[in-house]
Amino acid sequence: MKILLVYPNYPDTFWSFKHALKFIFKQATNPPLGLLTVAAILPADWEKRLVDMNADALDDNDLKWADYVFISAMAVQKDSVTKVVERCRKMGISTAAGGPLFTADPDSWEIVDYLVLNEAEITLPLFVDDLQKGTPQHIYASPEWADIAKTSIPDWQLIKQQKYVSMCLQYSRGCPFECDFCDITSLYGRTPRTKSREQVLAELDAIYQTGWRGSVFMVDDNFIGNKKKLKAEILPAMADWVEEHHFPFTFYTQTSVNLADDDELMQMMVNVGFDSVFIGIETPYEESLTECHKIQNKHRDLVAAVKKIQHFGMQVQGGFIVGFDSDPLTIFEKQIEFIQKSGIVTAMVGMLNVMQGTKLYQRLSREERIIQAGSGNNTDFSVNFIPKMPHETLVNGYRKIVATIYAPEEFYQRVKNFLKEYRPLPKKAVRISWCDIKAFLRSVVVIGILGKERVQYWKLLGWSLVKKPRLFSVAVTCAIYGFHFRKIYEGYM
Ligand code: SF4
């Protein structure tokens, strides 16, 4: 059996980092971990190839080679998925698909021959079994959660690592919280399921043996969902492992804001090499936090929490949302003020996007306020529901936020606010690679000479050299990120 695994294209989004990747001569941020894991679950004697369309073109010859094309995708990849499936149909090649896009709304994917939904550890072996018997069904689904302690180690041989910024590792699935706009708990449950210490180390070994040195993204939706096990078993084991291997990786991940309540946990993460975390801040407005059940963000000084994490040595990337029913008309100013004060350089602000499978979707469906399926792109200008405030007010207010926080003056001021607070461990701050040097030289030309933000760029670099010389490379990275974010939002203005 010949299986072609295809990861469809992302549009040009905030998280694609497309305009930043050019500075470091990379094609994509992360490889498709789901498909690499699927490949490892498939029978060992099947032939497998993988095309990540974010890193390589999907050639007709690749399709012709395959007996089946397996696709994995999220909502944001929908348009590309449709094109790939149509190409396959024209060429008479059968398709099988899984992942959040298909699990959330299987009825929309009649054009796919086989839908392998929910968690692949459970449904994929059933499909493979039927395929081998010659009796495959159209849909495979299961309400059960997989025991991820038994999940196979991803098949890293299928990708060209040099095309990516980071490798990936999943330690847990699920989240103990229940924010009403988020589909993680319906996809993966509220009780975090975790891998064993041995398994995490085996996955680190597997990445290390490929020769990779650099960044590793722990892809968990909430890495600290089970703090007890993390602190007692996983982080101590990772600390020993990175030391034995002379600190080959840095890590970044996603957590809830209650990370800031646990000094010991933050210190353990920093010691292992975590240098960045993404946190859903959503809104500084308490009533809107109540509305969306973001209880972990309530009754706390969110700016202080962010600064504390930065102070421990981890950059905070933040998600922000406008468009909640409770949002007052002043929300746009409040968000700008919060983001500037917090020093969150990578601030992903989006209008509420109502995704299928969420509690919010159920409520707004009952209220007959859903207009169309969510795009999964948190930063485009489409609104897929009827908001409480006038649509035009919401869109114009949103436009004002992103136009302000990514304007050169405000953006570079925010970078400075961040660098003043940021205290990374010394050994990590001075590690400069050849790739960093190339990125810096390119930034000098593209931003420092040709960019409209060149004055702020040189001012920041000058300030960094005098006040924070150890953080010079971080300042350059932030400038490159800012260039990407401006390009993304300019595309929508
Ligand atoms: S904390 Fe994050 S992952 Fe968990 S439910 Fe809320 S938004 Fe989703």
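A residue counts as near a molecule or strand if its C-beta atom, placed from the backbone, lies within 6 Å of it. This is a predicted model: local features need pLDDT of at least 70, side-chain atom pairs count only at pLDDT 80 or more, and totals for chains, interfaces and linings use all residues. Residues are numbered from 1 along each chain as its sequence is written.

**View 1. Residues around the ligand.** The shell includes Cys175, Phe177, Glu178, Cys179, Cys182 and Ile184. Thr185, Asp221, Asn222, Ser256 and Gly280 also belong to the shell. Five of the shell residues are nonpolar, four polar and two charged. (Ala, Val, Leu, Ile, Met, Phe, Trp, Tyr, Cys and Pro count as nonpolar, Asp, Glu, Lys and Arg as charged, and the others, Gly among them, as polar.)

**View 2. Domain 2 meets domain 3.** The chain is assigned domain 1 (2-140), domain 2 (165-405) and domain 3 (426-490). These bounds come from an automatic or database domain assignment. The C-alpha centres of domain 2 and domain 3 are 25 Å apart. Seven residues of domain 2 contact five residues of domain 3; contact means C-beta atoms, placed from the backbone, within 7 Å. The side of domain 2 that touches domain 3 has two nonpolar, four polar and one charged residue.

**View 3. Helices α18 and α19.** Helix α18 spans residues 434-449, and helix α19 spans residues 454-467. Helices are DSSP runs (H or I, at least four residues), numbered from the N terminus. The two axes come within 7 Å and cross at roughly 130°. Axes are lines fitted to C-alpha atoms over the stretch in contact, with angles from 0 to 180 degrees between N-to-C directions. The helices are therefore oblique to each other; angles under 35 degrees count as roughly parallel, over 145 as roughly antiparallel, 65 to 115 as roughly perpendicular and the rest as oblique. Ile447, Gly448 and Ile449 in α18 meet Arg454, Tyr457 and Trp458 in α19. Four residues of this contact are nonpolar, one is polar and one is charged.

Key:
Helices (H or I, at least four residues) and strands (E, at least two) are DSSP runs, numbered from the N terminus. Two residues are in contact if their C-beta atoms, placed from the backbone, lie within 7 Å.
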